[in-house]
Amino acid sequence: MPRPLWSGAISFGLVTIPVKLMSATEDRSVRFHQVHTEDLGRVRVRKYCEAEDREVSAAEIGKGYEVFKDTLVAVTDEELEQMPLPTAKAIEIVAFVPAASIDPVRLSGDSYLVQYDGQAAAKPYVLIARALARNTKVAVAKLAWHGRERLVLLRVRDGALIAHVLKWDDEVRDPSELAPKETKVTDSEIDEALQLVDSMTTDDISGYQDEYRKALEAVLEAKAEGRQPPKPTEEPGGQVVDLMAALQESVRKAQASRGEDAGDAEVHEMPTAKKKTAGKAAGKAPAKKTAKKTAAAKKPVRRPRGA
């Protein structure tokens, strides 16, 4: 298990449960260094003090807040830790809500495992975990951490508590103005879309993998061994298709992938799209794009002035 990132207690009415938080996920992304393209020398980020015009160490760097233009006040970590907040060292549960009422857009992506701290905390920890597991509700709590108060969601997974950081109401933008206006779809199209949803429904998403990371690792491995990186697969040219036919074909493919017989379905081009896509169908457009990419690849890298 990773090291604890925070320690305090869950406040549940008059019940207090000492706990520790540790990251529930790990980042497997491939990381790059910034380098000088001419000689692959590492590019470093150095921190300078504007007043003294010199590089400063991490021990000399603190926090400052601009109260007026060009007027800063210093704030220390000790002052932030000693603010009179009830959530400074506690995850204070403020409400229980149905799990379905939490809009997924409010999930910030930060998730933490909640570990009970000490044997005395085991019983109240199990009590709240089983209480949550027996209904469809989740706990909403407040927590002060990393210089701000956060809203968190507590739920149960495999008998353990998981904390998910939530966005505050004023941090979520209203998407209603982005919805298409005056766009009509037929009941038949909706029914076909629902059939596609049903044919793609599953209870397990554990089999999906990060294909981008795998492809990137293959490129890096080839370059490290002095080989040419794998070439990309050619994608079929886009075409305008009949919506209903596309839905039916999607249902057929989804059912076929599960071994179900859905019958034959074909996707037909819309009549108005034949003239516009004629060039692409003949293979002319892809050839132009390939030529541009080849020309761009041969273009030499310009050196900065004075180099």
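**Arg-157**

I started with Arg-157, which sits in strand β10. This is a predicted model, so I kept that in mind for every number below. Buried or exposed, I wondered about Arg-157? I got 52% relative accessibility, and because the cut-off for exposed is over 50%, Arg-157 goes down as exposed.

Next I followed β10 to its partner. β10 covers residues 148-157 and pairs with β11 in the antiparallel sense, over seven bridges. One pair I noted is Leu-151, which stands opposite Leu-166 of β11. I then looked at the hairpin that β10 and β11 form: two residues lie between the strands, and Asp-158 has a positive phi near 55°.

What else does β11 pair with? I found strand β8, residues 107-116, joined to β11 by five bridges, and the two run antiparallel.

How many of the seven residues of β11 are buried? I count six in this strand, residues 160-166, so β11 is largely enclosed by the rest of the structure.

**β5 and β6**

I looked up another hairpin. β5 (residues 63-68) and β6 (residues 71-75) pair antiparallel through five bridges. Glu-66 has Leu-72 of β6 as its bridge partner. Two residues lie between these strands, and I read a positive phi near 65° for Asp-70.

**α3 against α5**

Last, the helices. I took α3 (residues 187-199) and α5 (residues 243-257), whose axes are 9 Å apart and meet at an angle of about 20°. Angles under 35 degrees count as roughly parallel, so I logged α3 and α5 as roughly parallel to each other. The crossing of α3 past α5 is left-handed.

Which residues make the contact? On the α3 side I listed Ser-188, Glu-189, Glu-192, Ala-193, Gln-195, Leu-196 and Ser-199. On the α5 side I have Leu-243, Met-244, Leu-247, Gln-248, Ser-250, Val-251, Ala-254 and Gln-255. Sorted by type, the residues of this contact come out as seven nonpolar, six polar and two charged.

Methods. Residues numbered from 1 in each chain as written. Predicted model: local features only at pLDDT ≥ 70, side-chain atom pairs only at ≥ 80, totals over all residues. Heavy atoms only, no water. Buried < 20%, exposed > 50% of the residue type's maximum accessible area, 1.4 Å probe, protein only. Helix = DSSP H or I, 4+ residues; strand = E, 2+ residues; numbered from the N terminus. Pairing = 2+ DSSP bridges. Axes fitted to C-alpha atoms, helices over the stretch in contact; angles between N-to-C directions. Parallel < 35°, antiparallel > 145°, perpendicular 65-115°, else oblique. Left-handed = near helix turned anticlockwise from the far one by under 90°. Contact = heavy atoms within 4.5 Å. Nonpolar A, V, L, I, M, F, W, Y, C, P; charged D, E, K, R; others polar.
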